[in-house]
Amino acid sequence: MKDKLIIFDTTMRDGEQSPGASMTRDEKIRIGRALERLRVDVIEAGFPAASPGDFESVQAVANVIKDSTVCGLARALDKDIDRAGEALKGASHARIHTFIATSPLHMQKKLQMTPDQVIEYAVRAVKRARQYTDDIEFSPEDAGRSEEDFLCRILEAVIDAGARTLNIPDTVGYSIPQQFGATIKNLIERIPNSDKAIFSVHCHNDLGLAVANSLSAVMNGARQIECTINGLGERAGNASLEEVVMAVRTRQDVFACDTGIDTREILTCSKLVSSITGFPVQPNKAIVGANAFAHESGIHQDGVLKNRETYEIMRAEDVGWTANRMVLGKHSGRNAFKSRMTELGLVFDSEEELNDVFMRFKQLADKKHDIFDEDLQALVSEASFEAED
Ligand code: KIV
Ligand code: ZN
């Protein structure tokens, strides 16, 4: 039996911190319901102390979601913890996620606190949050640039105070997969009470490594990934949910765990988040981009028509697409062309006729980006009209 890999979605909190991606209360409810259908384990619905609107949104999501845990973010301050606790009152399963920065840079320049004071705040915050729920998550912000010895000290203290999920954020996307994985392994081995908590990771994508770092952490013992739909999030974004989930599902030969995600709901969630935020999904985006399961080159089309596995490592249907897509363009071969023509009911009396239309198609594809079914129909009519002449 494999371990469970917990999926913690932060589209509505970190994702919303993307400039221009703010969401209304009703939009958050729609996204929350879609995430629940996706079977996300934890939904971080917002940061209740950030604004009265965000408080209301978290409260509204907490009231409608029944299966997933609903989480609210709070700095390690009494007033933030109380706002989060208040907003989550109606939740079937509530989690408070509290954080404080632990890197020397953040402690000295931003917080202007000593390491001992930071530990004191963290422990106090976790204890206060426990007045509202037993499900407490703690994050040492900027852990990717924090000293390992200090991380061990603060994490041991918050476990003793009652934190049950320890989230290690690579806040500025500075880590490299092998090194980040080693940090997770070292923390689990070195913290004496680490068996009382689940280790989680939260990776940003500043160097394009958020998914790679998250997966490396999982290979080294992390059992929760924090991620967002379409990789939305501060600056270059967070680890993309669809990518981490499908990497783990597709490569079960290398992972000792799996998620409970219903992957067939992935595309719907991606489209919903894109339409609500107005952030388009790039065509070549893994899993959810329009070209993710499209084949244009002749060699690939020919291979896929003979056996899909030649050029597909996942089934398009498994992530919500109706089917893979053969795109006819200048790289397409005669086989794919013929197969599409047959699907359209355009049959040829002879091989010569087929060759003639195929040649016309290649000439058109050199001039035109997208070849639509109407273009193919027009080619056939044009060829038969000239033959009659
Ligand atoms: O990136 C970060 O450090 C965060 C924390 C609040 C977990 O978003
Ligand atoms: Zn973040």
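**Exercise 1.** Does His204 count as buried or exposed?

*Solution.* Start with the rule: a residue is buried if 20 or more other C-beta atoms (placed from the backbone) lie within 10 Å of its own, exposed if 12 or fewer, and partly exposed in between. Now count: His204 has 25 C-beta neighbours inside 10 Å, so His204 counts as buried.

A quick note on what you're looking at: this is a predicted model, where local features need pLDDT of at least 70, side-chain atom pairs count only at pLDDT 80 or more, and totals for chains, interfaces and linings use all residues. Residues are numbered from 1 along each chain as its sequence is written, while chains are lettered from A and ligands numbered from 1 in the order in which they are written.

**Exercise 2.** Find which residues the UniProt annotation "binding site" covers.

*Solution.* The unreviewed entry lists Asp14, His202, His204 and Asn238; such annotations may be inferred rather than shown by experiment. These four span 225 residues in sequence, yet no two of their C-alpha atoms are more than 10.2 Å apart, so they gather at one spot.

**Exercise 3.** Work out where His202 sits and what it touches.

*Solution.* First, look at strand β8 (residues 198-203), which holds His202; strands here are DSSP runs of E, at least two residues, numbered from the N terminus. Next, count neighbours: 30 other C-beta atoms lie within 10 Å, so His202 is buried. Finally, skip residues up to four places away in sequence, and His202 touches Ser139, Asn167, Pro169 and Glu226 (contact means C-beta atoms, placed from the backbone, within 7 Å).

Technical notes. Helices (H or I, at least four residues) and strands (E, at least two) are DSSP runs, numbered from the N terminus. Two residues are in contact if their C-beta atoms, placed from the backbone, lie within 7 Å.
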